[in-house]
Amino acid sequence: MIEVLHTLSRLAMVSFLLRLLLHLAIAVSFPPLLLGIIGKVKAFFGGRVGPPVLQPYRDLLRLFRKGFVFSRTTTWVFRAGPVVGLITVALAMVLMPLGSHRAPLAFGGDVLVFAGLLGLGRFFTVAAALDTGSSFEGMGAAREATFSALAEPGLFLGLMVLVRHATGASLDLMLSTEGTARAWEATPGALVMVAVSFFALLLVENSRIPVDDPATHLELTMIHEVMVLDHSGPAFGLIQYGAALKLFVFASLVVNVAFPVTTGNPEADWVLFLGAVVALAMGVGVLESTMARLRLLHVPRLLVASSILSVFGIILGS
Amino acid sequence: MIAGVLGVVLCVVVLVVSGLVALGLTRKPQVAGAVAASGVVLGALLGLWPTVRVLAGGASSEASASWSLPGGTLAVGLDPLTAFFLLPMLVLGAVAAVYGREYLLLFADTRRLGFPFFGFNLLIASMVMVVLARNAVLFLVAWETMAIAAALLVSFEHDRPEALRAGWVYLVVAHLGAMCLFVLFLLFKASAGSFDFAAFAQTPPVGSAAVAVAVLALVGFGSKAGFVPLHVWLPEAHAAAPSHVSAILSGVLLKVGFYGLLRVFQLLGTRADWWGPALVALGISSALVAIVVALYQRDFKRALAYSSIENVGVIAVGLGVSFWAGSRGHPRVSALALAGALMHVWNHAVMKGGMFLVAGSVLHGTGTRDLEQLGGLSRRMPVTAVAMTVGVLALSALPPLNGFVSEWLLYLSLLRLGADGAGPLPLLLVGMLALVAALAALAFVRLYGVVLLGQPRSDVARHAHESSRWMTVPMLVLAGLCVAMAVFPGFVLAALDGVRAQVGGPALFPADQLSLGRLGAFNLALWAVVLLGGRLFLGLVVRRPVTEDDTWGCGYPEPTARMQYGARSFSELASEQVLPAMLGPRVTRVKPVGLFPGAARFSADDRDPLTRRWYEPAFARVAGWLASLAWVQRGVLTAYLTYVFAAVLAALLWVSLRSGGAP
């Protein structure tokens, strides 16, 4: 009898580990694809063929094979920037549930850790930019730091709406399929507001049009891209990969809120969830192809508007 | 070692005696400094033992002796509330004293150092006495000593007009506050019949007198804590004082205001419903105003001082939410908010104390506090840079450091409030707090970048040198405490249990304690992962070809250090374009116009917007009115004698009329 129990629990353990491995494997390998998809959609709208969807993976491989160029002005802070930037996003990803698949790590209040991790990553990215002593990078750093400071209230206010119907204050519980489904039933209006507000956050945090143009070629108009001008080789690879991961994390955030659907079958749920993330990436591509970038000084309006949407969400939801 | 309150009294005696000896040795600054600093360290060791025992759950103790002053008794006591504020005083006091000895000796050639050494010891001793006192007269004597010692230390560089002005403004605000406290204690006396705290607690004022007491406490102690709009003394004083004194002012002296508030609230017994919302409103408005102003300060230490106001505001919000939630039947929320507020008191003492020591080290290494002159110090002052990295991250409330832990508790309390469905208003508080924290991160990444990174913006920064071990070790000790408190928040929470019970707050729910422990573990893991990741990356760097070159100047071949983004340009977008202009700097520009442009000018005034917009015009107007009374002061002795005679006559007349003519 005990023997059977033992094997059973061992089986459960093995299947748990396998599921965890699958979860991490998907989260680690999938993100660059999103960049490829966005690029393909934009190329389609521009009437071009565009680079293959898998191009971001090749870019990363190429960068990791290169050597480094460091500015003589820089210190350890410049080298720490890409490393901390990637680690914080990776840890934020570990706290995020992917569709109906629970987050690998969760504890009460980890939702605030999520926000803190993104802040830490941003701090080091900005510090690394300032470490070069370049006026262009300083300019980008100032813009990025200012805009993301204004974006912060939107994130927290949106989370306040979600916590209302959740069973706990961890990201895993607040974004669980059942929790969000319950919230949709109780206060659909509030959830629409939050989903839209989080989508705006995705655009800001990932430097997409209309906030920033990742493909622009003029340093003066850049925000995020100008900050990483001096990084090279594998360090730049870390940054690029971190950016893809961040896009994936925020896309999961939006999909978890906007599309809380589960079939009960884990494999089908993966397909459903990744499909939704791909659809969101295509949406971003369409948006980027059809919209112009906002004037720099109009960006704060977008940020305030997204916070106000969450405020409406709170009022509707309480 | 003497346990109980007498051990702490002995600590005060050692502090004062060693200070006096140092004062006597003014001609030998080396010896005076050694005596004063070792006095503080010895005193702190004597005081720490009883303090830690009380915090660990030991019994409170009291003692008293008679005093010749009317209404005064030498009543002292050591309970958890006292011990809670005593601990940072002693720890930060000892660390700052060691640092301050070396720091002040740099001035040995130009200034007499006996008084600064004595004044520092007196400041610590009087602060300790304030939290020990159990009699209103003793409390006020200690309170005044504290204010005067601090004001004199602030004007240490008395030949600089701004230092004199800072000391002057501080004295004025401190006495406005003290005036409120006199009235406050008289109100207590009116109902209790004695000036002893024990009597206060038995028959506290009720009804409108109780409201008056609470309001006076908010104003009197609030001016010490630095609530907006009574904060105007704070940035001036913190900037002008020697850096180890700034560390004490910001790390501990502001918190004495909270001690007073909590003590008076405790003496009043029953908690009024409006205290919570009042504290929240004061706190959040202070935090928002201060952090917006901190963003564009050009003086390193003034920026830190404004951030102190912001942190004081955060503590007030925590206390207010705790009171409010407690009265509305949300014990879990109340416990979280209280734990966050109390922990933030300690955290802020350690991290801001450390940051002021860093600022002092930078000032020592370069001779300037002007951010536009700094830059590139990370290469020249590597140890200071490490301490500053920790301090800046902690003050930005980022993981894995202690500032994040206390703010985490506070946010979590508000999230729980949201989950309980407490109506939209408290929930909007989250948005405002998030904005405060995000702007703090912006302000500190600016400081970090402008001071440490990039290229030096002046010759003094180019020739900066690292401070000696007497200064770097204290900074590293405080930085280490920041890390330890982030990794072991459970220990800190356990130490707060006594004061939590005394303030009347509920204990943290087991589930939340568990989460707090996990947060500590997460912080530890984050440290490990980041250090390991850094290690791996360095390995990668070593194995790949590395080319060193100039920073990419976007095609421009001759970039200079002056072309970097500086302190003002970094905050320009936020404080001049996005945030309310009312709180922003006053900018005057004369742009070059036309084909043959004339002279162009630009200047930005970063003085306190409230001082500039409200206080200075108001005081100027009052001075105008009073000018019409100037004829009273004629500088003639006979006239003054006449005034004295008239005053005595009037007093006699009043007395005889009141007593109805009877002798």
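Reader: So how much accessible surface does chain B have?

Author: About 26200 Å², and 68% of that belongs to carbon and sulfur atoms. Keep in mind that this is a predicted model.

Reader: Ok. Which residues make the nonpolar surface patch?

Author: B:V622, B:W625, B:L626, B:L629, B:W631, B:V632 and B:Y643 make it, and the patch comes to about 730 Å².

Reader: Which helix gives the largest share of that patch?

Author: Helix α24 of chain B, residues 609–627, with three residues.

Reader: And where does B:W631 sit?

Author: B:W631 is in the loop between α24 and α25 of chain B, where α25 covers 637–658.

Reader: Why does B:W631 count as exposed?

Author: Because its relative accessible area is 55%, and the cut-off for exposed is over 50%.

Reader: Switching to the overall fold. What's chain B built from, in helices and strands?

Author: Chain B has 25 helices and five strands.

Reader: How does the radius of gyration of chain B fit with a compact globule?

Author: It agrees: for 663 residues a compact globule would come out near 26 Å, and chain B has 26 Å. Along the principal axes, its C-alpha trace spans about 100 × 70 × 60 Å.

Reader: What share of chain B is buried?

Author: Buried residues are 57% of the 663.

Reader: And the contacts, how many join residues at least 24 apart?

Author: 80%, counting contacts in chain B between residues at least 6 apart in sequence.

Reader: Tell me about α17 in chain B. How far does it reach?

Author: Helix α17 runs over residues 424–452, which is 29 residues, and goes 42 Å from its first C-alpha to its last. That is close to the 42 Å expected at 1.5 Å a residue.

Reader: Is α17(B) mostly covered or mostly open?

Author: Mostly covered, with 24 of the 29 residues buried. After α17(B) comes B:G454, which has a positive phi near 70°.

Reader: Now salt bridges. How many over all chains?

Author: The structure holds 26. One of them pairs A:R122 with A:E205, with the closest N and O atoms 3.1 Å apart. That pair links distant parts of chain A: A:R122 is in helix α5 (residues 110–131) and A:E205 in helix α9 (residues 188–205), 83 residues apart.

Reader: Are A:R122 and A:E205 buried or exposed?

Author: Both are buried.

Reader: Back to chain B then. What does B:D159 pair with?

Author: B:D159 meets B:R111 in a salt bridge, 3.2 Å from N to O. B:D159 is in the loop between α5 (136–154) and α6 (161–192), and B:R111 is in the loop between α3 (80–105) and α4 (114–132), so the bridge ties together parts of chain B that are 48 residues apart in sequence.

Reader: How do those two compare for burial?

Author: B:D159 counts as exposed at 53% relative accessibility, whereas B:R111 is buried at 18%.

Reader: Which residues are in the network of salt bridges with them?

Author: The linked set is B:R111, B:E157, B:D159, B:R160 and B:E162.

Reader: Last one: what about B:R369 and B:D299?

Author: They form a salt bridge, with the closest N and O atoms 2.8 Å apart. B:R369 lies in the loop between α13 and α14 of chain B and B:D299 in the loop between α11 and α12, 70 residues apart. B:R369 counts as buried at 17% relative accessibility, and B:D299 counts as buried at 14%.

Terms used: Residues numbered from 1 in each chain as written. Chains lettered and ligands numbered in written order. Predicted model: local features only at pLDDT ≥ 70, side-chain atom pairs only at ≥ 80, totals over all residues. Heavy atoms only, no water. Patch = residues over 30% accessible without salt bridge, like charges linked within 9 Å, V, L, I, M, F, W, Y side chains within 5 Å. Areas by Shrake-Rupley, 256 points an atom, 1.4 Å probe, with all protein chains shown as cover. Salt bridge = Lys/Arg side-chain N within 4 Å of Asp/Glu carboxyl O. Helix = DSSP H or I, 4+ residues; strand = E, 2+ residues; numbered from the N terminus. Buried < 20%, exposed > 50% of the residue type's maximum accessible area, 1.4 Å probe, protein only. Rg over C-alpha atoms; globule rule 2.2 N^0.38 Å. Contact = heavy atoms within 4.5 Å. Expected span 1.5 Å × (residues − 1).
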